[in-house]
Amino acid sequence: MQTTNDGLELARRLLAGALDLEEDTIDAQAEIAALQGFDSLAYERLVASVEEHLDRDVDPLMMVSVDTVADLGKVLSQTEDQNQ
Amino acid sequence: MQMREAGFAIRTMSPGDACDEYLAWIADPELMGPLNMPARRLTISQLRDHIAQFDNKLRHLLGLFDETAGMLIGIVLLDINSQHRSARVSLFIGNRDYWGDHRLHPLAQAFQAYLFERKGIEKLRCQVAVDNHRMIGTAKLMGLKPEGLLRGEIRSHHDGSRIDQFVFGLLKTAWTKRRSYEHADNK
């Protein structure tokens with residue numbers, strides 16, 4: 001079972017890759033759209049990396065409602081639980 | 001309508017702005033697909049006629065220009081509902097070299113300021129197909145928030161299936177509040 005912390009660490013890792021940032025500079029409470037390096041292509045890369053990690057398409061409604069880094073962490077931990 | 005910011009400009013298109021680049025974008029399935037528009041091969045004369053269809057009072061066709069390079073790089077469509085002081089925006093960057101180009105962000109912010117402060121718009125919104133992640137990213141970048149899902153809102157030009165769209169919106173009050181936070185952070 002994934003914990004919220006696992007989800008948050010994973011969210012940081014995926015965001016760091018998509019936005020070309022250092023993981024430890026990504027604050028959990030930060031709004032993703034306000035992170036340095038965020039743009040339309042970065043969002044596209046983020047969705048692709050989430051789908052690649054989960055090995056399936058993500059629910060668009062779930063993904064679009066993600067606002068903060070912590071939100072993404074929660075979604076990832078919940079989705080991984082559903083996968084198991 | 002015209003504004004300039006950081007070497008880029010957005011202004012009303014006139015038939016004289018019809019160019020080979022714009023024709024190529026309209027004929028490009030990769031660009032038109034996410035907009036659910038068929039790729040079409042138009043002549044320069046047909047493109048001029050298309051541009052001339054916009055009244056540029058309630059229905060605006062705007063061009064995005066790189067002023068330094070002296071070229072059109074994208075298109076913005078703006079539909080204004082004057083009764084409700086709302087505007088619906090859609091856009092695409094045709095020139096791929098400018099995808100994800102952060103130099104365009106100041107122009108996007110200036111455009112929002114123009115709509116809210118000078119055009120009297122109180123609500124900005126856009127509708128995006130649920131799988132158009134680039135445009136969803138753009139809406140989020142511009143501070144628009146998802147407000148709902150429109151199931152089967154539009155018909156696919158490709159196969160006739162119904163396509164879900166997200167509605168994104170931004171109220172002037174939320175924009176003003178956000179901007180005051182940003183200004184405070186910058187001090």
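Reply: Let's start in the sheet of chain B, where Q127(B) stands opposite V167(B) in β8(B). Helices (H or I, at least four residues) and strands (E, at least two) are DSSP runs, numbered from the N terminus. This is a predicted model, so local features need pLDDT of at least 70 and side-chain atom pairs count only at pLDDT 80 or more, while totals for chains, interfaces and linings use all residues. Residues are numbered from 1 along each chain as its sequence is written, and chains are lettered from A and ligands numbered from 1 in the order in which they are written.

Strand β8 (residues 162-171) of chain B runs antiparallel to β6(B), with 7 bridges joining them; two strands pair if DSSP finds at least two bridges between them. β6 (residues 123-129) also has β5 (residues 86-93) of chain B as a parallel partner, through 3 bridges. There, S86(B) has K123(B) as its bridge partner. To get from β5(B) to β6(B), the chain passes through helix α4 (residues 105-118), a right-handed β-α-β crossover. Right-handed here means that, with the strands pointing away from the viewer, the path from the first strand over the helix to the second runs clockwise.

Now for helix α5(B). A residue is buried if 20 or more other C-beta atoms lie within 10 Å of its own, exposed if 12 or fewer, and partly exposed in between, with C-beta atoms placed from the backbone. Among the buried residues are H133(B), R134(B) and K140(B). They pack against β6 and β8 of chain B, and also against α2 (40-54) and α3 (60-64) of chain A. Just after the helix, G143(B) takes a positive phi of about 85 degrees.

That brings us to the interface: 15 residues of chain B are in contact with 13 residues of chain A, contact meaning that C-beta atoms, placed from the backbone, lie within 7 Å. On the chain B side, α5 (133-141) and β7 (145-155) each supply at least two residues, and α5(B) gives the largest share, 7 residues. That side divides into 7 nonpolar, 5 polar and 3 charged residues. Ala, Val, Leu, Ile, Met, Phe, Trp, Tyr, Cys and Pro count as nonpolar, Asp, Glu, Lys and Arg as charged, and the others, Gly among them, as polar.

Key: Two residues are in contact if their C-beta atoms, placed from the backbone, lie within 7 Å.
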